[in-house]
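Visitor: I am new here and would like a tour. Could you show me what we will be talking about?

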Amino acid sequence: MNKTFVKTTNVKNFIGLVENLQTKPKNIPKMGLVYGEPGLGKSQTALWLACKYDGIYLRATNLMTGRWLLEELVKELDEIPRYLTSDNFNLIVKKLKKEPKIIFIDEIDYLMNNYKSIETLRDIHDETGCPIIFIGMGLAHRKLERYKHLYDRFSEILKFEIFTVGDIKHIFEQLSEAPFSTDAIEYIHKKYNRFRQLVQLINKLENFAKDNNLAEINLEVIQQIL
């Protein structure tokens, strides 16, 4: 299996969202929201973009408090967390004003019931003007609507959609060393639509093709195996 980052339609739209946030005028909020069902590549894309744009990627966790969140951000800025929460906040603002960075907050759903954490991220955005992108699950946009003054700051919102036939064809072309026929791709699209599932499937079918000296994996082969 080839090791490469596949740019699906969702990925391309995510890239567009980041670029749109970066080019917005100063008087326009630079907060973004990316949401969708699990297994469509949101986290992997956020990590890739954080590396691409030299940004900060932070994954929220269950029970994370505002203090804990600030400490993790301080560490991502290569600083040692201070004892006082206010000192950590001021340090983050100072560092980001000096060297602006895009901030990706993944698993934002974990912070939904923590008003202080959500508000702290909004304050960091307002103080620094740095783009902050929330990444969450399928109902994240509905949950965040509770925070009206925060939700109004989302100038870019993107939903990760299920893969199209074209996406799956592209994924298989990029990752698989064995070619797949069009009817095989269409059959797979009807049954599988999670990136993790597709990767496991490619690995399984690739090994079968090698063991049986197959030049191509077609629908007949797929139906025998799956």
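Predicted model: local features only at pLDDT ≥ 70, side-chain atom pairs only at ≥ 80, totals over all residues.

Visitor: Which residues is H125 in contact with, leaving aside its neighbours within four places in sequence?
Guide: H125 is found in helix α5, which covers residues 115–128. Once neighbours within four places in sequence are left aside, the contacts of H125 are P29, K30, M31, C130, I132 and R153.

Visitor: Is H125 buried or exposed?
Guide: The cut-off for buried is under 20% relative accessible area. H125 has 6% relative accessibility, so it counts as buried.

Visitor: How far is the backbone nitrogen of K30 from a polar atom of the side chain of H125?
Guide: K30 is among the residues in contact with H125. Here the backbone nitrogen of K30 and a polar atom of the H125 side chain are separated by 2.9 Å.

Visitor: Which residue in β5 is the bridge partner of G32?
Guide: Strand β1, residues 31–36, runs parallel to β5 and is joined to it by six bridges. Among the pairs, M31 has F154 as its bridge partner in β5. For G32, the partner in β5 is E156.

Visitor: And which residue in β4 does G32 stand opposite?
Guide: β1 also pairs with β4, in the parallel sense and over five bridges. On that side, G32 stands opposite I133.

Visitor: How many of the six residues of β1 are buried?
Guide: In a regular strand, side chains alternate between the two faces of the sheet. In β1, M31, L33 and Y35 are buried on one side, and G32, V34 and G36 are buried on the other. The strand is largely enclosed by the rest of the structure because the number of its residues that are buried is six of the six.

Visitor: Which word describes how α1 and α2 lie to each other?
Guide: The crossing of the two helices, α1 and α2, is right-handed. Angles under 35 degrees count as roughly parallel and 65 to 115 as roughly perpendicular. With an angle of about 45°, α1 and α2 are therefore oblique.

Visitor: How long is the polar contact between the side chains of T85 and R67?
Guide: T85 lies in helix α4, residues 85–98, and is partly exposed with a relative accessible area of 33%. Not counting residues up to four places away in sequence, T85 touches R67 and L70. The side chains of T85 and R67 are joined by a polar contact of 3.3 Å.

Visitor: What distance separates the C-alpha atoms of T85 and T23?
Guide: Along the chain, T85 and T23 are 62 residues apart.

Conventions
Residues numbered from 1 in each chain as written. Heavy atoms only, no water. Helix = DSSP H or I, 4+ residues; strand = E, 2+ residues; numbered from the N terminus. Buried < 20%, exposed > 50% of the residue type's maximum accessible area, 1.4 Å probe, protein only. Polar contact = N/O pair within 3.5 Å; in protein donor to acceptor, adjacent residues only side chain to side chain. Contact = heavy atoms within 4.5 Å. Pairing = 2+ DSSP bridges. Axes fitted to C-alpha atoms, helices over the stretch in contact; angles between N-to-C directions. Parallel < 35°, antiparallel > 145°, perpendicular 65-115°, else oblique. Left-handed = near helix turned anticlockwise from the far one by under 90°.
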